[in-house]
Amino acid sequence: MKKTLKLKKNYEFKRVLTKGKYYSGKYLDVFVKEQNDKTMNYIGIAIGVKIAKAVKRNRIKRLISENYRLMEQKLKTGYNIVFLWKKKVDIKNATFSNIQDDMVNIFERIGIM
């Protein structure tokens, strides 16, 4: 079982958010930046503090990372991907299937699936 690599440093997030391409879905905003020298994808997940309290934010993070883990084999490699939860979307809509559909649509639009 392969471990999903994550962006951890602030400058890594900033680089993807400023120089990456923006794609919007129904629930998620996604920034993608290509890395030519990498053979793996790195992901970052950011959810604003004002959206919900810690327990609900962590639940959304777990749902996003699990959906990504299941799709990881189908994706092209060499990308840094940052997922952002939309502020105007209610937390009650954070179900596994909603996030999965949104991620599939976004990845198909990007062309990495």
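Biologist: How many aromatic pairs does the count come to?

Modeller: The model is a predicted one, and a pair of aromatic rings is described by the distance of the centres and the angle of the planes. Rings of Phe, Tyr and Trp pair if their centres lie within 6.5 Å. By this rule the count comes to 5 aromatic pairs.

Biologist: Tyr 68 and Phe 83 form an aromatic pair, but of what kind, stacked or edge-to-face?

Modeller: The two ring centres of Tyr 68 and Phe 83 are 6.3 Å apart, and the angle between the planes is 65°. Planes over 60 degrees apart count as edge-to-face, so the pair of Tyr 68 and Phe 83 is edge-to-face.

Biologist: How many residues apart are Tyr 68 and Phe 83, and in which elements do they lie?

Modeller: This pair links distant parts of the chain, with Tyr 68 in helix H2 (residues 54-71) and Phe 83 in strand S5 (residues 79-85). Both Tyr 68 and Phe 83 are buried.

Biologist: Which parts does the pair of Tyr 68 and Phe 107 tie together, and how far apart are they in sequence?

Modeller: The rings of Tyr 68 and Phe 107 have centres 6.5 Å apart and planes at 65°, so this pair is edge-to-face. Because Tyr 68 lies in helix H2 and Phe 107 in helix H3 (residues 96-110), the pair ties together parts whose distance in sequence is 39 residues.

Biologist: What is the relative accessible area of Tyr 68, which forms one aromatic cluster with Phe 83 and Phe 107?

Modeller: Phe 107 counts as buried at 0% relative accessibility. Buried means under 20%, and Tyr 68 is therefore buried too, with a relative accessible area of 0%.

Biologist: Which residues touch the most other members of the largest nonpolar core?

Modeller: In soluble globular proteins, nonpolar side chains tend to be buried together. The largest nonpolar core here has 29 residues, and the elements that give two or more residues to this core are strand S3 (28-34), strand S4 (42-46), H2, S5 and H3. The residues that touch the most other members are Leu 28, Ile 81, Phe 83, Trp 85 and Phe 107.

Biologist: Which strands stand at the edges of the sheet?

Modeller: The open sheet is formed by 5 strands with mixed pairing, in the order S1-S4-S5-S3-S2. Within this sheet, S3 and S5 run antiparallel and are joined by 7 bridges. The strands with a single partner strand each, so that one side is left without a neighbour in the sheet, are strand S1 (5-6) and strand S2 (21-24).

Methods: Residues are numbered from 1 along each chain as its sequence is written. This is a predicted model: local features need pLDDT of at least 70, side-chain atom pairs count only at pLDDT 80 or more; totals for chains, interfaces and linings use all residues. Side-chain values use heavy atoms; hydrogens and water are left out. Rings of Phe, Tyr and Trp (its six-membered ring) pair if their centres lie within 6.5 Å; planes under 30 degrees apart count as stacked, over 60 as edge-to-face and the rest as tilted. Helices (H or I, at least four residues) and strands (E, at least two) are DSSP runs, numbered from the N terminus. Buried means under 20% relative accessible area, exposed over 50%, partly exposed in between (1.4 Å probe, protein chains only). A nonpolar core is a set of buried Ala, Val, Leu, Ile, Met, Phe, Trp, Tyr and Cys residues joined through side-chain atoms within 4.5 Å. Two strands pair if DSSP finds at least two bridges between them.
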